[in-house]
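Here is a colleague's note to read beside the sequence and the model. Please keep the structure in view and go through the points in order.

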Amino acid sequence: MIKTAAVVGAGITGCTIARALADKGIMVTVFERDLAIGGLCRDGYEHHGIFIHHYGPHIFHNNDPCVQYFLSRFTQWLPYRHHVVAAIEHGHAHVPIPINRVTMSMLSASWSEEQAHILLYSEYGRKMWGGHYGAVRDQVERRVPARVGNDCSYFGDCWWQGFPLTGWTTMMRRMLDADNIALELCEVTGKTLRDEKGWDIVFWTGRPEPLLDWGLGPLAYRTMDFTFQVGRGNIRPPYPVINYPLRPPDYIRATDYRQLTGQPHELWVIGYETPRECGATNGRPTHVVPSRENHELWQRYAAAVTDEHPHVRLVGRFAECRYLDISESVANALAKVDEILA
Ligand SMILES: Cc1cc2nc3c(=O)[nH]c(=O)nc-3n(C[C@H](O)[C@H](O)[C@H](O)COP(=O)(O)OP(=O)(O)OC[C@H]3O[C@@H](n4cnc5c(N)ncnc54)[C@H](O)[C@@H]3O)c2cc1C
């Protein structure tokens with residue numbers, strides 16, 4: 001019977017696991033190597049008191065009632081319907097993504113759908129995935145929803161879209177607010193787990209390589225530089241979030257946080273996301289490279305982790321080396337806990 005558990009990582013996966021375990025009376029210790037909880041979903045007041053998302057705009061979109069019910073214990077919601085637009089013609093025109101009838105009607109009549117595809121998906125993909133693009137193209141383009149009509153909402157099929165009313169970090173802080181959850185801000189390594197045997201089970205939500213002292217080499221990830229520009233006055237881009245498929249600029253998205261969140265503030269802040277390669281030490285992974293080669297290396301890691309750390313479970317976007325959005329991360333975390341406690 002499981003009485004004690006460690007959760008490595010206080011992102012949405014770790015916070016969900018911790019709370020689901022705590023709800024069952026298990027003593028949980030959560031370890032987070034950042035100075036704050038939240039992982040990639042982290043948000044808060046920065047830059048003269050404007051509310052931003054530290055790692056790019058994080059919009060909740062969900063169709064799973066269990067996920068909605070679970071998260072709604074810790075937050076109310078601010079509705080927001082997301083539209084993705086891509087800047088073309090040097091930023092003078094913005095067309096909706098995924099490509100639909102409206103997109104084609106905005107591009108000049110000489111554009112075929114195939115040319116639009118190359119401009120809006122392939123060029124974007126090359127910028128996002130760099131040298132990996134050829135190996136991941138099919139995988140990533142399959143994730144773009146297909147459209148034939150006039151619906152310009154990006155997550156058109158999701159019945160719930162929005163943000164936690166007071167932010168992701170506040171929501172996650174409430175998730176960890178239980179008598180049987182302790183939070184320690186420190187990094188956990190494979191050595192920590194070999195030396196410390198006090199937990200019946202460990203849920204690991206970060207990249208798996210440190211668990212095995214990087215013995216099989218690094219997995220491939222992309223990362224992003226997140227930079228912010230702050231100013232005063234009436235700057236208001238035509239959309240809260242704009243994609244830039246073409247170079248220049250080097251950044252791939254720009255977000256006007258004042259507009260995105262609807263917050264009244266005399267300053268504006270625009271966040272930029274610039275993708276680049278992520279090695280073992282030069283950046284925080286934001287995207288697992290979904291190539292076959294990477295998946296095979298991850299499978300070797302997963303098998304070796306089972307051998308060396310039998311009480312460790314790999315859970316989440318990086319630990320499982322697969323694309324998971326927030327809703328999927330929560331559903332996956334709840335399912336993994338149910339599986340263990342069954
Ligand atoms: C730019 C960008 C935009 C996105 N936008 C959206 C969106 O709009 N909607 C959506 O649904 N999803 C979005 N996502 C996806 C979303 O960020 C992820 O689904 C979610 O954050 C995954 O959470 P996680 O807890 O699995 O991982 P993380 O958020 O990475 O959390 C893992 C945590 O573990 C900690 N950690 C790792 N290793 C260790 C260690 N050894 N010791 C201690 N702590 C450790 C890390 O510091 C981190 O806090 C976006 C992702 C990116 C990169």
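This is a predicted model: local features need pLDDT of at least 70, side-chain atom pairs count only at pLDDT 80 or more; totals for chains, interfaces and linings use all residues.

1. A definition comes first: two strands are said to pair if DSSP finds at least two bridges between them, and strands (E, at least two residues) and helices (H or I, at least four) are DSSP runs, numbered from the N terminus. With that in hand, S11 and S17 can be read as parallel strands joined by three bridges, and within this pairing Trp204 has Leu314 of S17 as its bridge partner.

2. Residues are numbered from 1 along each chain as its sequence is written.

3. The pair S11 and S17 belongs to an open sheet of five strands, whose order is S10-S2-S1-S11-S17 and whose pairing is parallel. Strand S10 (181-184) and strand S17 (312-314) are the edge strands, each pairing on one side only, and from one strand to the next the twist averages 20°. Helix H1 lies across strand S1 (4-8), strand S2 (27-31), S10 and S11, and runs at about 165° to S2; such angles run from 0 to 180 degrees between N-to-C directions, with axes fitted as lines to C-alpha atoms, for helices over the stretch in contact.

4. A second open sheet has three strands in the order S5-S9-S6, and here the pairing is antiparallel. Because S5 and S6 stand at the edges with a single partner strand each, one side of each is left without a neighbour in the sheet. The twist in this sheet averages 45° from one strand to the next. Strand S5 (residues 60-62) is joined to strand S9 (residues 160-164) over three bridges, where Asn62 has Trp160 as its partner; strand S6 (residues 77-79) also pairs with S9 over three bridges, and Leu78 stands opposite Phe163.

5. The protein chain is divided into domain 1 (4-37 + 176-216 + 289-341) and domain 2 (84-159 + 222-278), with bounds that come from an automatic or database domain assignment. The C-alpha centres of the two domains lie 32 Å apart. Four residues from domain 1 and seven residues from domain 2 make the contact, where contact means that the C-beta atoms of two residues, placed from the backbone, lie within 7 Å.

6. Which residues come nearest to the ligand? Among the 35 residues around the ligand, they are Gly9, Gly11, Gly39, Gly56 and Gly206, a residue being near if its C-beta atom, placed from the backbone, lies within 6 Å. Helix H1 (12-23) and helix H10 (326-341) are the elements that give two or more residues to this shell.

7. Leu211 is buried, because 27 other C-beta atoms lie within 10 Å. Leaving aside neighbours within four places in sequence, Leu211 is in contact with Gly190, Trp204, Val305, His309 and Val312. Leu211 and Tyr301 are 90 residues apart in sequence and 9.0 Å apart in space, C-alpha to C-alpha.

8. Gly198, in the loop between helix H7 (190-195) and strand S11 (201-204), is exposed, since 8 other C-beta atoms lie within 10 Å. Gly198 and Tyr124 are 74 residues apart in sequence and 47 Å apart in space, C-alpha to C-alpha.

9. The last point concerns the backbone. Most residues other than glycine have a negative phi, and most peptide bonds are trans. Asp213, however, has a positive phi near 50° and is exposed, with 12 other C-beta atoms within 10 Å, whereas Cys321, with a positive phi of about 55°, counts as buried with 23 C-beta neighbours inside 10 Å. Cis peptide bonds join Ile97 and Pro98, with omega about -5°, and Pro248 and Pro249, with omega about 5°. Pro98 is found between strand S8 (93-97) and helix H3 (101-106), in a loop, and Pro249 lies in the loop between strand S13 (241-243) and strand S14 (253-256).

Conventions
A residue is buried if 20 or more other C-beta atoms lie within 10 Å of its own, exposed if 12 or fewer, and partly exposed in between; C-beta atoms are placed from the backbone.
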